[in-house]
Amino acid sequence: MPFEQHYLAGLDLRGRRVLVVGGGTVAQRRLPRLIASGAVVDLVSPSVTPAVQGMVDAGELTWHERLFEAGDVEGAWYVVACTSDIEVNAQISEEALSQRVFCVRADIAVEGTAVTPATGMHDGMLIGVLAGGEHRRSASVRDGLVSALRDGRIADQAAPPVGVALVGGGPGDPELITVQGKRLLAHADVVVADRLAPRELLEELPAHVEVVDAAKIPYGRAATQEFINQTLVDRAKEGKFVVRLKGGDPYVFGRGFEELLACAEAGIPVTVVPGVTSAFGVPALAGVPVTHRGVAHEVVVVSGHVAPDDPRSLVDWPAIARLQGTVVLMMAVERAGAFATALMEGRPGSTPVAVIQEGSTTSQRVYRSTLDSLGADVKAWEVRPPAIIVVGPVADIAPANG
């Protein structure tokens, strides 16, 4: 087993010139971290990958479209040699050594004067692991450390978060919450949870965490928005860190911005964590793409909490009906027939429809219908909320072996 003898240090490269020689996939992997560090990157290569070209086009680095030349290292603070030519990499390393500039050789790491560790990010920390050139080992340990920090298995003495976090929990499967959402949930003193938030995540909370039920059952018992807003403010004013755990995304028909405004009025800081919206995530998991090349060039997400003829409706149903692409209806089970009728003012009754009930969960059910049959089918199938209704040609697409 090799002994790791490198000196692990953090380089401040902000505003300092870094030379990268080679524009292939190795450079493509190394460049983002260098750019994020604030380095002034000069890239020397006769060609680059499309991804690297995108970085050049965005002005993130300067590309010198040619082969490496003697003198290129001059003025650099750090050099990365990642061409496909061993002799060129050796030449770059030798020139860097002569000028006392640290150089990473991507082809033969031990021949360089610096090595790149396996790195990962956690809550503003950059974690690096070196393992004597055993790249799989260093990557595996890096992954384990980052995972343990995110899950709270390794104590992180950073200052705890304050105020309120509006966290989108995704469509229901607890695996679909974002990394940031899971991390903030682990710090919570109070969790104000929606009925549609991933329930399994609540089971993982420590016993001291207060869970406030903010369920809104369609056409049944429901916590008022005023109660929810006041709870967020009151608990935060007590010095507790409050996570408002919501299903889907906080700002997609989730009234999240109302909660942010209530907290802002009370002077409570708010962190917003977007989530996988069920409008797109649920159809995807059910095998329904909301867009597809040559089939749908637009997607419209519509709330179905009021009927098309309700004076409170803000939806231009005739305009929606004239569109050719995809319409995703949320909270539309009870009035599915009325919405189908409104859409048939501009679409044929044979337009395909997919209905996905309790998407992403073990209880998921997927039904196929058409606009002219939707109302009757929803009743016959006894579809219940939560359910997503997808209208348009995409609802009739299936893999060849599907």
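This is a predicted model: local features need pLDDT of at least 70, side-chain atom pairs count only at pLDDT 80 or more; totals for chains, interfaces and linings use all residues.
Residues are numbered from 1 along each chain as its sequence is written. Local features need pLDDT of at least 70 and side-chain atom pairs count only at pLDDT 80 or more, while totals for chains, interfaces and linings use all residues; side-chain values use heavy atoms, with hydrogens and water left out.

**Stop 1: the core**

Select Trp317, Leu329, Leu374, Ile389 and Val391. These have the most contacts inside the largest nonpolar core, which has 23 residues. A nonpolar core is a set of buried Ala, Val, Leu, Ile, Met, Phe, Trp, Tyr and Cys residues joined through side-chain atoms within 4.5 Å. Buried means under 20% relative accessible area, exposed over 50%, and partly exposed in between, using a 1.4 Å probe and protein chains only.

Next, colour the elements that each supply at least two core residues: strands 13 (299-303), 14 (326-330), 15 (352-357) and 17, with helices 10, 11 and 12. Helix 11 gives the largest share, five residues. Helices (H or I, at least four residues) and strands (E, at least two) are DSSP runs, numbered from the N terminus.

**Stop 2: aromatic pairs**

The structure holds three aromatic pairs. Rings of Phe, Tyr and Trp (its six-membered ring) pair if their centres lie within 6.5 Å; planes under 30 degrees apart count as stacked, over 60 as edge-to-face and the rest as tilted.

Select Trp317 and Phe339: the ring centres are 5.2 Å apart and the planes at 25°, so this pair is stacked. Trp317 is in helix 10 (residues 317-322) and Phe339 in helix 11 (residues 336-343), so the pair ties together parts 22 residues apart in sequence. Trp317 is buried at 5% relative accessible area, and Phe339 is buried at 0%.

Now select Tyr367 and Trp381, another stacked pair, with centres 4.6 Å apart and planes at 10°. Tyr367 lies in strand 16 (residues 365-370), and Trp381 in the loop between helix 12 (374-380) and strand 17 (387-391). Tyr367 is buried at 12% relative accessibility, whereas Trp381 is partly exposed at 23%.

**Stop 3: a charge over a ring**

Select Arg16 and Trp77. Arg16 lies over the face of Trp77, 4.5 Å from the ring centre. The criterion is NZ of Lys or CZ of Arg within 6 Å of the ring centre and within 35 degrees of the ring normal.

**Stop 4**

Finish at Ile86 in helix 3 (residues 86-98). Ile86 is exposed, with a relative accessible area of 52%.
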